[in-house]
Each structure stands twice: as C-alpha cells, then as structure tokens.
Amino acid sequence: MKQKFYITTPIYYVNARPHIGHAYTTIACDTIARRQRMLGFETFFLTGTDEHGQKIERAAQAAGKTPQQYADEISGEFRKLWQRMGISNDDFIRTTEDRHKKRVQELFRCIRDNGFIYKGTYTGQYCVSDELYVDGAQPGDPCPTCGRPTETVKEENYFFKLSAFQDQLLELYANPEFIRPETRRNEVISFVRSGLRDLSISRSTFSWGIPVPDDPKHVIYVWLDALANYITAIGYGSTHMGAQDAFKKFWPADLHMIGKEIVRFHCVYWPAFLLAAGLPVPKGIMAHGWLLFEEDKMSKSRGNIVRTETILDVLGQDALRYFLLREIVFGQDGSFSFDALVQRYNADLANGLGNLASRTLTMITRYFRGEVPYPSAGAARNPGDDAIAKSAQTVITECRTLFDQYQFSRALEVAWGLVAAVDKYIVENEPWALGEKQDEGSRARLATVLFTSAEALRIVTALADPVIPEATAKIWTQLGLGDIKQLDLSQLHWGQLAFGTKLGAVQPVFPRADKSAIERMQKMEDQGRAPAAIATEVKPKVETSAPAAAPAKAQAVVADGKISIDDFAKIELRVGQVKVAEKVQGADKLLRLEVDIGTETRQLVAGIAEAYAPETLIGRKVVIVANLAPRKLRGLESNGMIVAASLEGGKPVLASFLEDVPVGARLK
Ligand code: ME8
C-alpha cells in the first residue's frame, strides 16, 4: 500500500488580494507536494480561504459589499491565481462552504460534550487585525503581535479550557519534529510553560461567523473555525462513508506549513482543540520566515506588497518559484527585490540550467541526428567523465536529505553545483571542436562527452522538477523522455538515460532577461500598487516573546494623492465626549483630556490650549481618531487625536455636529 502524505497551507484571509507573501507559502507547499508524489506517496495538498470574523466583516463594509460578496470575490482571486500558477492543490476549502460550517459545529459539539467548553464573560482587549485575544492588556494597549491598537471587548462568551492542556502540550513539544524550526519551538515552549489561560471561543457582538450549535446568538471564534479547515476539508464530521474514509486515510496531517506570525494558533490552540476532541494531532508544523520588501514585512496593511501576476507576466512562474526557494534560507526572513530576482534568473536559469540544456541538446541534434549517443567504454573515456557521474550520484543523495529537511536553498545550491561542474566539463572537452573532426577517436570522445552532459542534465532536471515544474517538463520532453510526472524520484540514479533516445524539438526554456524586465515589473507594480497604498501610522515596536512585527514605515500616499475607500476605512473616527480637561504643566499649548468614546474613556493630549479654556470643553462632543497608536507628550500618554480645522495663522477649531449624535458613533 502507498504511504500517504497530507500537507496544508494556512487558509488566507479574504480581506486582501493575494501577494507574493501568500505565493511564497503556497509555492513551498506545492514543491513539497510535488516531490512527495514523485517519491510515490499518496499525497493530499490543501489550501483555501479564511472568510469569517470581524476583520472580514469590516473590510466588506468598508468596500460597500456584503461579507459574502466580498469573500466570493477575493477567494476567487486566490483560486484563479493558484490555477494560473499550476499549483497542484487537491482541494480548495472556503470556510463559508456548507461542508465546512456543519463540520465545525460538529467539532464544537464534540469538544463541548467532552467537557472542555463552558460559558463565562470575557472582558479584555482584542486585536481585530490578528483576531487575537490579548491577555493582560489594558485599554489602549497595542497588540503585541502587530502593534495596532487593541479594542476593548466585554461579552458573554463560551470558553475553552485551554489551561487543562498545558502538560499534554509540553509533552508534544518534546518531539523536535513537532514544531520547526527550533527557534519557534523554543518560543512556544516558553509561552506554554509560563501558564495558559482559558480561551474565549465565541463572539456575540457581530454575526459574520458560524453559529454556535444550540446557541445561535454566538458565532464561533474565527480561529477555531479556520483551524478546523484542516480536518473538515478531508471529511471530519461528515456522514458520508467516502468522506469518512478520506479522513481516516489522511489525518493526522504530515505537515502544516505556516508563516511565523501564526505559530501560537497552530502550535498551542490547534493541538489543544484536537486533544479536547479526542483526535490525533498533526505530525509536524513548520513556520517559515517573512518575505520583506523595502526592509519591512510584505503585507497589505503596510502598503508594500508585490503582486505575483507582475512576475508571472514578465518572467514566468518558475522564475518566482526558483528565486523564492533559492534566495531565502527557509525558516528565516528574506528580502525580495526585482534586481535580485532578475540577477538570479539570469545567472542560474537563463545562463545556468537553460544554457546547459540548449547547448547539450543542440549538439546532440547536430552531431548525432537527435539521438542520445553511446558513451565509449574504452579508450575514449577519461577521469573527468567519471567525476561527473560520481558527483551526480552524490548530488542525488545530498538533495534527498536537504529537501527532506525543507532546506530548499541548500538543495538547489547543491543541484546547481552539478550544472556548474558540467559547464566546466563541456568547456574543457570542447565538443564543438570534436564535432568538426571525423576520426573514430574524436567521434567516440564526442559521444561520451555529450552522453555525460545529457545524463547530468537529466538528473538536475529531475531534482529541480518540484521547484520549477514548467521548465523541467519542457526539458524532459526535449530529452525525449515523455511525461516527467511518470518519473519515480526514489529510483533516480546515474546511467538511466537510454542510448538512442530520440530527442524532441530543442527550444530555449529560459530566455535571458535584460534590464527592461526590471523596469517593466517596477512600472507594473507602481501602477497596480497605487490603489492599495496607504498612509500607515508609525507603530510602536513592542517587545514580546512572540515574533513582533517591525514598526511600519510611514508610507507615501498614492501617486495622485488619492486613497481608496479601504484605506479610509482603516481610520477609526468616533464621537467622544470630554469628561475632564486640564492644562498640562509647563506646556502652554497642551490640554490633557479624558474623553468618553462609548466603550471606554481615553486620555488624550491635544494642542488646543490657546484656543479653548479647559472648562469650556467639559461635556462637549468632539471627533477623535480612535485607532492611532499611543504616543507620549510631556510624559503623558495620548491615546488618539482630536480632529480640528487647522487655520493658517489662526487657532485650531474643533470639529462638531449641528445634530445631537450619540457618544461612540463612528464617522464613515
Ligand atoms: O493568518 N512573508 O491569513 P493571512 C511570508 N487566515 N509569508 C507571508 C507573508 C510575508 N510577507 N504574508 C503572508 C491568516 N504570508 C489566517 C490563517 S490558518 C488556519 C488561518 C503567508 O491571509 C504566510 O504563510 O494573514 C502567513 O502565515 C500567511 O500568509 C498569513 O495569511
């Protein structure tokens, strides 16, 4: 019976269109899935979209759409992009699908029946952007993961007894394969050792989610909903026999691949939910690093994304796949730039593998009428030929280990070492000069050199196939070997290229890219990025044991000075009422205010002392920017900003309303 392999990507939020950060994870998983298939595993590769929760509800609202319309649109973009890129996923799950919703409710029921869910009241801070409860935070505190302001939540919720799983989780982490790399594993261990608090797993103040079974006023916490995709997609909780069989066959997953910012959800919450449901936990979770652009994590909210389509249009999918896996040490952060992409493409693909393929195959076509020649067994052999054969055999073994450890960059480096060795071998043996001679010795030597080159080419092509499948499929056909998907990678070794194999038509696979490629991509991005660019505030850097986002740089607004409605929606303008106003000692222009914004009372420091006497402000309704990161003025923390007209040479004038508006109302 075939061994199985089940691999997943995170399911991506539908509040942002896909960018190369999402492509990075998907490409890594696709590479692993392809390789496992080539090794003979019955492989299941899952990806999809995460469509519920407050963040999506708000994004849809800001775009003037229903959450479902909004989710349909962006989920469709992910699916379309993966199809265009030939991603070999076996399923694409959407959390708004019926199959998922029903099975998540089943999971909730099961955990509840097992006694791990109870009702309580949650009062505390919540980060909508990360959909994360921030334990121990105070109103106004920023999120420890992303640095954005948290919101105060006070609701009756269902709680999950996470605290009951501390010891079992620590036992799981004893296995070094469970969380990789080691740095992430250590972070998780110290987080869990420091004590776990029960987790709120429902929300009742909005409705865009899966209703809690038997209590539909509540929706299930979006992370429980999302994480469950890994089992719902393969049939957990289904009544169909076929689906049940698939679940039995593929669960537990062999690998959940994720980015490092969602480690806690996958390594703490997810295994605890599964243990509570009496289900096996995944075999391994691998967290890779971030793709940086202009030194910052690439993300929509920072306005520094690069769209995958741009690279596909100009250089093709293999260029992107190769670059990401070769250039970045998997597990660490790595930078993306168009310059580096084109340089790598030209050096390794156009001049490297592409050139080796075209020169070798062209010479076989020219000198041997397109048939793989017989290498000479006798006098026409020299030690250089055997050195290539030996080195190819070593490369096969090393690549196997490195790919197994997800060390893509090293694996490709080793494989391309063989390309360089064969290039050197060809230069030293000058087959073009041998081809001009008609004597038997030269013909025999030429046959050996070209066979050796072609066989090395075949081996590099086979090893590189999971990474650059489009090009390798072409080279394989040009080598006359048919469909590369039929190859059994576990049996790959030197000497399998049959003499007399008839080559296919030789065509270049990686045309060289010139400087204009960089300019074209940059131009496409400048045009495409404009509507998504935003003016982000400078966020405070927050030190935590969990990976913290680097502070965002203040980004320029779009070229024509306009921002999209999505960007405007990020600014939370609210009506507040001044409760306390007093002068700040030693600062003529500043007032310290306490403003009620409905959910809480905020301290603000405002530069309006010359325009307003403090006592005239008490009880006045004002407009404040409620989601500005806190900053300190004269030692006082200011949590927000009062909106006022700024008059040239005059005093500021506070924004106000003619009608009576309730405290806390949002301006949009
Ligand atoms: O977190 N560098 O979804 P998401 C590297 N829905 N990887 C990146 C990246 C970057 N700059 N940007 C995104 C969510 N990624 C949840 C997941 S799973 C049950 C729910 C990749 O749309 C990376 O894999 O924010 C990261 O973890 C994921 O996209 C986050 O996608």
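Reply: Happy to! Let's begin with pairing: two strands pair if DSSP finds at least two bridges between them. Keep in mind that this is a predicted model. With that rule, three strands form an open sheet in the order 16-15-17, with mixed pairing.

Me: What makes strand 16 and strand 17 the edge strands there?

Reply: Strand 16 (296-297) and strand 17 (334-335) each pair on one side only.

Me: How do you know that strand 15 and strand 16 count as paired?

Reply: The rule asks for at least two bridges, and strand 15 (residues 291-293) has two bridges to strand 16, in the antiparallel sense. So the pair meets the cut-off. Within it, Leu 292 stands opposite Lys 297 of strand 16.

Me: Which strands make up the antiparallel open sheet, and in what order?

Reply: That sheet has four strands, in the order 6-5-7-9. Strand 6 and strand 9 (199-200) have a single partner strand each, so one side of each lacks a neighbour in the sheet.

Me: What makes strand 7 and strand 9 partners?

Reply: Strand 7 (residues 151-160) and strand 9 run antiparallel and are joined by two bridges. Since at least two are required, they therefore pair. Phe 159 has Ser 200 in strand 9 as its bridge partner.

Me: Let's turn to helices. How do you know that the span of helix 15 agrees with its number of residues?

Reply: Helix 15 (residues 408-429) has 22 residues, and at 1.5 Å a residue it should span 32 Å. The expected span uses one less than the number of residues. Its end C-alpha atoms are 32 Å apart, so the two values agree. Just after this helix, Glu 430 takes a positive phi of about 40 degrees.

Me: Where does helix 13 bend, and by how much?

Reply: Helix 13 (residues 338-368) bends by about 40 degrees at Asn 355. That angle is taken between axes fitted to the seven residues ending there and the seven starting there. Just after helix 13, Arg 369 has a positive phi of about 50 degrees.

Me: Which peptide bonds are cis, and what are their omega values?

Reply: One joins Arg 180 and Pro 181, with omega about -5 degrees. Another joins Trp 251 and Pro 252, with omega about 5 degrees. Pro 181 is in the loop between strand 8 (179-180) and helix 6 (182-193), while Pro 252 is in the loop between helix 9 (241-250) and strand 13 (255-259).

Me: How many residues surround the ligand, and which helix gives the most?

Reply: There are 25, and among the closest are Ile 11, Thr 25 and Asp 50. Helix 1 gives the most, with four residues. The shell divides into 13 nonpolar, nine polar and three charged residues.

Notes: Residues numbered from 1 in each chain as written. Predicted model: local features only at pLDDT ≥ 70, side-chain atom pairs only at ≥ 80, totals over all residues. Heavy atoms only, no water. Near = heavy atom within 4 Å. Nonpolar A, V, L, I, M, F, W, Y, C, P; charged D, E, K, R; others polar.
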